[in-house]
Amino acid sequence: MEGLKMDFLSSKALEDKSSIEKVSMIIERVKDGDILVLEGSLTPSEEAELIETTMREIDIENFVGIDIHTLEKDEKSFFGFSKKKTIGLTIIGPANVMKTVKKRSNFLSMIAKIGDSGASVH
Amino acid sequence: MNNFFKTLLDRLLRRRRKVKIGLYGHPNSGKTTLANTICEDWIGKPLGVISDIPHETRTVYKQEEVVIEKDGAKLYFDIIDTPGVATKVDYKNFLKYGLSEREAKERAKEATKGIIEAIKWLDDVTGVLLVMDSAEDPLTQANITIIGNLEARKIPFLIIANKIDLPESSADRISAVFPQHTVVPISALHRENIEQLYMEMVKRFR
């Protein structure tokens, strides 16, 4: 791989896709070494389907699986009395590329490994 | 004759009450150790083999007809010990445990099949013990995905903060990350707080 490719997908780009289409698209890109940044999140059943598909696609030598990380944000309820967390961004990439992830509230830091050098993404 | 109907009724009710409890969690979180503790306590024999090497359990193990009795209340259930759920399986991680390359690759291949099997079992279990290593960060994708699916399917579950015997463990960290769920701190290996777990199981799954 010559460099790190990151694809940013808005929630609009995903809303018309079926679960199978979403999962296939993610796996296809991640297997190519890309890191995907999605606006919003997958549903729990899509996440389970993504893990299942990943396991089927692992070929031991070249593709060892994925790493998924989410950045949450606090959202106030309608009356502003209580806060709930929603997922703002979902980052999915090949497990052998996404090396270090540090996560704090409203902050996510990631080191991606490209060959012998590292690229830092905040 | 009365006894016959009473026994029949009891069996029918028992069948209705019986639940299938799946043990879920990361590889090496202590699922099989816990399954063994439960099985040894209530049926007198262990369920599976444990090991320090991750992905020791690579297929589902099942023990039927386990009965927990606590304060006069009985919980009838089948116990389903599932392979650890992960988003990646790299055979190179097994080499440091002394496995040959061939053994490590074979283990990795079996582990991927085991993870698929564990996810499929989510369709069949009626309750879950989600086992977490309380010395590790609980906020992982595998835990989030399992909890999300249990909530979406309305499957009752308990979070088990295992390995509280380790000095670096923190059950409080798990409670802080998942404040809306019941967290039961235990050491399956040293049987710490196991009676409390049985009480919670009867309360939650019966």
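1. In chain B, buried residues make up 41% of the 206 residues. A residue is called buried if 20 or more other C-beta atoms, placed from the backbone, lie within 10 Å of its own, exposed if 12 or fewer do, and partly exposed in between. This is a predicted model, in which local features need pLDDT of at least 70, side-chain atom pairs count only at pLDDT 80 or more, and totals for chains, interfaces and linings use all residues. Residues are numbered from 1 along each chain as its sequence is written, and chains are lettered from A and ligands numbered from 1 in the order in which they are written.

2. On overall shape, a compact globule with 206 residues would have a radius of gyration near 17 Å, and the 18 Å of chain B agrees with that. The radius is taken over C-alpha atoms, and the globule rule is 2.2 Å times the number of residues to the power 0.38. Along the principal axes, the C-alpha atoms of chain B fill a box of roughly 65 × 35 × 35 Å. Of the contacts in chain B between residues at least 6 apart in sequence, 71% join residues at least 24 apart; a contact requires C-beta atoms, placed from the backbone, within 7 Å.

3. Chain B has 7 helices and 6 strands. Their order from the N terminus is α-β-α-β-β-α-α-β-α-β-α-β-α. These elements are DSSP runs (helices H or I, at least four residues; strands E, at least two), numbered from the N terminus.

4. An open sheet of 6 strands in chain B has the order E2-E3-E1-E4-E5-E6, with mixed pairing. Its edge strands, each pairing on one side only, are E2 (61-70) and E6 (183-185) of chain B. Two strands pair if DSSP finds at least two bridges between them. Neighbouring strands of this sheet are turned by 30° against each other on average, direction ignored.

5. E1(B), residues 19-25, runs parallel to E4(B) and is joined to it by 5 bridges; B:Gly22 stands opposite B:Val128, and B:Gly25 has B:Val131 as its bridge partner. E5(B), residues 157-162, is also parallel to E4(B), with 6 bridges between them. There, B:Phe157 stands opposite B:Val128.

6. How many residues of E4(B) are buried? The count is 7 of 7. B:Gly127, B:Leu129, B:Val131 and B:Asp133 point one way, B:Val128, B:Leu130 and B:Met132 point the other way, and all are buried. In a regular strand, side chains alternate between the two faces of the sheet.

7. E4(B), helix H5(B) (residues 141-152) and E5(B) make a right-handed β-α-β unit. Right-handed means that, with the strands pointing away from the viewer, the path from the first strand over the helix to the second runs clockwise.

8. The contact between the chains takes 16 residues from chain A and 17 residues from chain B. On the chain A side, helix H3 (44-57) and strand E3 (66-76) are the elements that give two or more residues. H3(A) gives the most, with 8 residues.

9. In chain A, A:Leu36 lies in strand E2(A), residues 35-39. A:Leu36 is partly exposed, because 19 other C-beta atoms lie within 10 Å. Leaving aside neighbours within four places in sequence, its contacts include A:Asp7, A:Leu9 and A:Ile92. A:Leu9 is 27 residues from A:Leu36 in sequence and 7.4 Å away in space, C-alpha to C-alpha.

Conventions: Contact = placed C-beta atoms within 7 Å. Axes fitted to C-alpha atoms, helices over the stretch in contact; angles between N-to-C directions.
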